[in-house]
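Look at the fold as a whole before turning to its details.

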Amino acid sequence: MTIGLYPGSFDPVTNGHLDVATRAARLFDRLVIGVFDRPAKHLLFSAEERVELWKGAVAQIPNVTVEHYNILTVEFARTIGAQVIVRGLRMSSDFEGEFEMALMNKQISPKIESVFLMANLPFQFLSSSLLKEVVQLGGDITSLVPPNVLKALGTKFKVLQVTEQNLIRR
Ligand code: ADP
């Protein structure tokens, strides 16, 4: 059985990530989406929330499961029996970082292969960070995220606005 691991911080999952996962699910018997608990990034959603958002987005794909992890990605791959790490590539911007990471992973764990799926054209310029900026400024992101993520972003930013207003009032 070939198991693929699609790891990332996914804060939150976008249609670009979902497109990669959907295509990867066709290549492997099983695809595990690995949500990294503590990336060196400022996060909007907790690990549990990021897992739940992914679960809602891939509910219709039978061979996909979602888990979170807080160890080295290659260690996690070994733990779940994955032979392949899947990553997405957008234009040239992702290449250097992904290349470095793949070589490091190969060094640590030579048996695990990295496979890259090129982002489809509509998602080439889509990133979770840009998405959060746009939604914070009131932009329409309906076509860029799964419906459950759209709802969660709406709720999150409403909650954040209320918290900010309360802080200003104090
Ligand atoms: P990271 O894992 O570097 O924190 P993300 O969680 O945003 O980054 O992304 C996880 C993986 O999905 C990475 O391989 C990234 O290049 C890829 N990816 C991000 N956005 C897109 C997109 N719009 N289309 C295809 N792949 C993407």
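Five strands form an open sheet in the order β3-β2-β1-β4-β5, with parallel pairing. At the edges are β3 (64-69) and β5 (113-118), each of which pairs on one side only. From one strand to the next, the twist averages 30°. Strands (E, at least two residues) and helices (H or I, at least four) are DSSP runs, numbered from the N terminus. Two strands count as paired if DSSP finds at least two bridges between them.

This is a predicted model, in which local features need pLDDT of at least 70, side-chain atom pairs count only at pLDDT 80 or more, and totals for chains, interfaces and linings use all residues. Residues are numbered from 1 along each chain as its sequence is written, and side-chain values use heavy atoms, with hydrogens and water left out.

Within the sheet, β1 and β4 are joined in the parallel sense over two bridges. G4 has V84, in β4, as its bridge partner. Helix α1 packs on the sheet and touches β1, β2 (30-36), β3, β4 and β5; contact means heavy atoms within 4.5 Å. The direction of α1 makes about 125° with that of β5. Axes are lines fitted to C-alpha atoms, for helices over the stretch in contact, and angles run from 0 to 180 degrees between N-to-C directions. Helix α3 (residues 73-80) lies across β1, β2, β3 and β4, at about 150° to β1.
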